[in-house]
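I opened my notebook to look up how charged and nonpolar side chains pair up. My entries follow.

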Amino acid sequence: MPCPELVRAPVATIIFGGNAITKEQILRVELDFHEGDTLTLADLPARLEANRSRLFNLQLFHAVVVQSSCTGTGLIIVFGVQERWYTFPVPILSLADRNLRSWLDRPDRGRRLDYGLHLTRSNFRGRNEQIIANLQLGFNRKYELFYEAPGLGRYRRIGVGVGGSFSQSRTLDYLTRADELVALRADAGFPIQRFYATAGVRFRHTVQFLTAFDASYHRERITDSVNYFNPNYYQGRTQREFLDLTLTSTRNQRNTFAYPLAGQFAQFRLTHRVFLDAVTPSFTTLRVKYARYLPLGHGLHYSAGLTGQARIARRLAYADSRALGYEDLVRGYDQYVIDGRHYGLLQQGISYRLLKPSPIKLESLDNPKINTIPLALYLNIFVDAGYVSAPGQRFQNRLPNRLLTAGGVGLHLVTYYDRVFTAEYTLNGLGQTGYFFRASFPI
């Protein structure tokens with residue numbers, strides 16, 4: 001209901017509905033207006049939509065709606081939310097390799113399986129806190145527990161994160177030869193064991209703007225066999241201890257975090273690693289990522305992502321020389337890894353929505369948090385390019401210091417609880433083609 005003959009009006013009341021678990025204070029601190037503020041009515045629809053988007057991007061709700069009305073005392077604004085299911089015990093049955101292609105290339109792939117339980121409790125205590133626990137057995141063993149509170153206190157601006165992890169692996173990729181990882185398998189024992197504990201503080205400006213500082217202690221040990229076959233794996237050592245000090249700043253202004261179609265994303269990360277043996281030189285890693293998402297009209301959406309990393313060091317162990325093929329990837333080069341100090345990666349794509357039917361309703365389930373499955377299918381055409389700078393390469397590695405290019409077409413399925421599944425056909429710069437399957441949005 002409009003306010004007659006008014007240009008500006010005060011906010012009399014803000015009401016939240018549907019938040020049976022989520023504390024109201026968690027929602028109020030996300031808004032950029034409060035009771036008593038005066039709003040310009042011409043800008044009110046855009047202002048309400050921006051705040052609705054802030055609540056939705058907490059990733060606590062299936063849907064968020066907002067309505068406003070005018071009374072004699074001012075504006076009444078009502079936010080309605082539909083909460084998600086927050087406890088997910090997920091069985092682990094996964095491949096003990098970087099991706100499906102790498103697993104298929106292993107002669108012992110039948111044994112390279114991990115199993116266990118991954119437990120996530122989101123919105124713990126109704127305060128948007130998160131607990132993650134991993135119990136993983138099988139080929140690789142991992143025991144982990146993490147707690148994340150993005151914001152504490154009345155204004156939810158300061159948060160904390162703590163956790164610990166212990167892992168053991170029956171195989172270790174100890175060398176890169178011909179741009180592929182060479183594995184060492186131990187019939188008894190574990191070629192590598194890792195332990196780390198981490199703690200940090202978060203400075204949370206909004207749900208879209210977060211700065212974090214983390215300090216972590218790491219202890220890693222390899223067998224004598226690993227050191228024999230690659231003395232540079234830990235620079236001649238079989239055990240090392242170090243501290244990582246990391247500063248991360250993230251500005252996430254995408255319309256949705258799962259499959260964005262508009263907005264932008266920027267992240268800056270600076271890590272300084274200090275070894276505790278007083279002999280191994282420390283080094284610094286700088287990583288920057290920027291992505292932009294633009295609606296082109298007629299159902300088309302353009303996305304582009306640029307990632308760069310630089311390492312400043314006198315010398316690096318093999319284990320610290322990872323570049324493309326691990327966390328970042330030129331699509332189509334899935335079977336390869338490219339090691340080096342510095343790299344850049346450009347990814348571009350144009351998406352067209354082929355299908356968005358009505359959500360599937362599971363009539364046998366009464367709980368609205370889990371009985372509705374949304375679906376959307378996109379056709380995507382993409383082009384990637386990357387470059388790794390790596391002086392002094394050996395072992396017939398031909399991909400460092402070379403422009404890597406690839407292009408292809410894919411189908412992206414967006415569904416339940418922000419899950420994105422992709423199937424792609426790619427032609428890379430080596431003239432090789434292949435089908436690849438992923439479980440995340442690539443840009």
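The model is predicted. I searched the whole structure and got 19 salt bridges.

Entry: I looked up glutamate 49. It forms a salt bridge with arginine 52, with the closest N and O atoms 3.0 Å apart. Both residues sit in helix α2, three residues apart, which is about one turn of the helix. Glutamate 49 is partly exposed, at 39% relative accessibility.

**Entry: a pair across strands.** Next I took arginine 273 and aspartate 244. Their side chains meet in a salt bridge at 2.8 Å, N to O. Arginine 273 is in strand β15 and aspartate 244 in strand β14, 29 residues apart. Are they buried or exposed? Buried means under 20% relative accessible area. Arginine 273 has 16%, so it is buried. Aspartate 244 has 8%, so it is buried too. I also found both in a network of salt bridges with Glu220, Arg240 and Asp320.

**Entry: another strand pair.** I found arginine 438 bridged to glutamate 424, at 2.9 Å between the closest N and O atoms. Arginine 438 lies in β26 and glutamate 424 in β25, so the pair ties together parts 14 residues apart in sequence. Both are buried.

**Entry: the nonpolar core.** I turned to the largest nonpolar core, which has 24 residues. Leu55 is among those that touch the most other members. β1, α2, β3 and β4 each supply at least two residues of this core. I listed contacts of leucine 55, including Phe16, Leu27, Phe61 and Phe79.

Conventions: Residues numbered from 1 in each chain as written. Predicted model: local features only at pLDDT ≥ 70, side-chain atom pairs only at ≥ 80, totals over all residues. Heavy atoms only, no water. Core = buried A, V, L, I, M, F, W, Y, C linked by side-chain atoms within 4.5 Å. Buried < 20%, exposed > 50% of the residue type's maximum accessible area, 1.4 Å probe, protein only. Helix = DSSP H or I, 4+ residues; strand = E, 2+ residues; numbered from the N terminus. Contact = heavy atoms within 4.5 Å. Salt bridge = Lys/Arg side-chain N within 4 Å of Asp/Glu carboxyl O. Lists of a residue's contacts leave out its neighbours within four places in sequence.
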